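Subject: Structure handover

Hello,

Here is the structure I promised to pass on. Please open it first, then read my notes below.

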Amino acid sequence: MRIASWIRSAPVTYAWLFVLLVTTIAQHTLAPGVVDRILGRRSTNLENLSEHPMRAMVGSLFWLDGAYWLPYLIGFTVFLAVAERWLGTGRFVIVGLAGHVLATLASQGLLDLAIGHGRADPSLRDAVDVGVSYFMAAVVGVLAYRLTSWWRWIYAAVVLATVVTPLVVGAPDFTDAGHFAATVIGLALYPITRGRPRLRSPLHWFRR
């Protein structure tokens with residue numbers, strides 16, 4: 001009963017997770033060529049954003065680019081369900097979509113500039129780019145405000161370190177820039193958390 005009650009308290013999170021389960025099963029059962037065509041039409045790449053921006057923005061949220069589903073069950077439960085229960089469904093969706101849309105535009109804009117200056121391969125204009133990571137990054141960012149005192153700063157520092165490290169180590173790509181942008185967007189959305197309860201300690205993370 002506790003599990004059922006938890007799921008009912010975060011309806012968007014778990015309905016979305018169920019859809020991702022279905023599409024992930026499809027990815028692992030359909031012919032590779034069919035999967036490539038499906039993902040290609042739903043990718044938030046420069047080609048699709050210029051021709052079918054709404055289809056790309058919405059469609060990309062329901063596919064995991066061949067990834068396995070189980071890690072997302074954990075991530076959705078620890079971060080997205082907690083955020084939906086804390087903020088309410090409406091605010092939760094606003095935060096996630098702001099991260100998804102704005103970080104996509106920022107990362108693809110940077111890629112377009114890089115291609116224009118000869119610093120990136122032009123074939124990346126139609127690269128496969130689907131998934132929920134920008135939505136998740138924004139939600140993870142805004143959850144810093146669920147905590148009070150020094151716990152908030154520790155949490156924010158860890159989250160920022162996670163998205164900054166790929167930018168300064170190795171060879172970052174446009175998705176690394178997108179994750180950074182989405183996280184910053186989440187952190188910038190403090191006003192949407194006003195009036196919501198705070199926690200003195202992360203030990204009570206799964207409370208409303």
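Start with Gly 99. Gly 99 is buried, because its relative accessible area is 0%. Here buried means under 20% relative accessible area, exposed means over 50%, and partly exposed lies in between (1.4 Å probe, protein chains only). Gly 99 sits in helix H7. Helices (H or I, at least four residues) are DSSP runs, numbered from the N terminus.

Before you go further, two notes on the source. This is a predicted model: local features need pLDDT of at least 70, side-chain atom pairs count only at pLDDT 80 or more, and totals for chains, interfaces and linings use all residues. Residues are numbered from 1 along each chain as its sequence is written, and side-chain values use heavy atoms, with hydrogens and water left out.

Back to Gly 99. Which residues is Gly 99 in contact with, leaving aside its neighbours within four places in sequence? They are Thr 104, Tyr 134, Ala 138, Ala 182 and Ile 185. Contact means heavy atoms within 4.5 Å. The C-alpha atoms of Gly 99 and Ala 138 are separated by 5.0 Å, and these two residues are 39 residues apart along the chain.

Next, helix H2. H2 covers residues 11-29, so count 19 residues by the DSSP run. From first C-alpha to last, H2 reaches 27 Å, close to the 27 Å expected at 1.5 Å a residue. That expected span is 1.5 Å times one less than the number of residues. Several H2 residues are buried, among them Tyr 14, Trp 16, Leu 17 and Leu 20. The buried residues of H2 pack against helices H1 (2-8), H3 (32-42), H6 (70-87), H7 (89-116) and H8 (133-142).

Now look at H3. Val 35, Ile 38 and Leu 39 are buried there. Seen down the axis of H3, these buried residues fall within an arc of 90 degrees, so they line one face of the helix. The arc is that of the directions from the helix axis to the C-beta atoms. On the other side of H3, Asp 36 and Arg 37 are exposed. The buried residues of H3 pack against H2.

Two single residues come next. Asn 48 is in helix H4 (residues 46-51). Asn 48 counts as buried, at 8% relative accessibility. Its contacts, leaving aside neighbours within four places in sequence, include Gly 40, Arg 41, Pro 53 and Arg 55. Ser 149 lies in helix H9. Ser 149 is not a glycine, although it has a positive phi of about 50 degrees. Ser 149 is partly exposed, at 43% relative accessible area.

Finally, the pockets. A pocket is an open set of points on a 1 Å grid over the protein atoms alone, where a 1.4 Å probe fits, with protein on both sides within 12 Å along at least five of seven lines; lining residues have an atom within 4 Å of a point. The largest pocket has a volume of about 290 Å³. Volume here is the space filled by probe spheres set on the points, with grid points joined across faces, edges and corners. H8, helix H9 (149-168) and helix H10 (174-188) each give two or more residues to the lining of the largest pocket. Residues in that lining include Phe 79, Met 136, Val 159 and His 179.

The second largest pocket holds about 230 Å³ of space. H10 gives the largest share of its lining, three residues.

Best wishes
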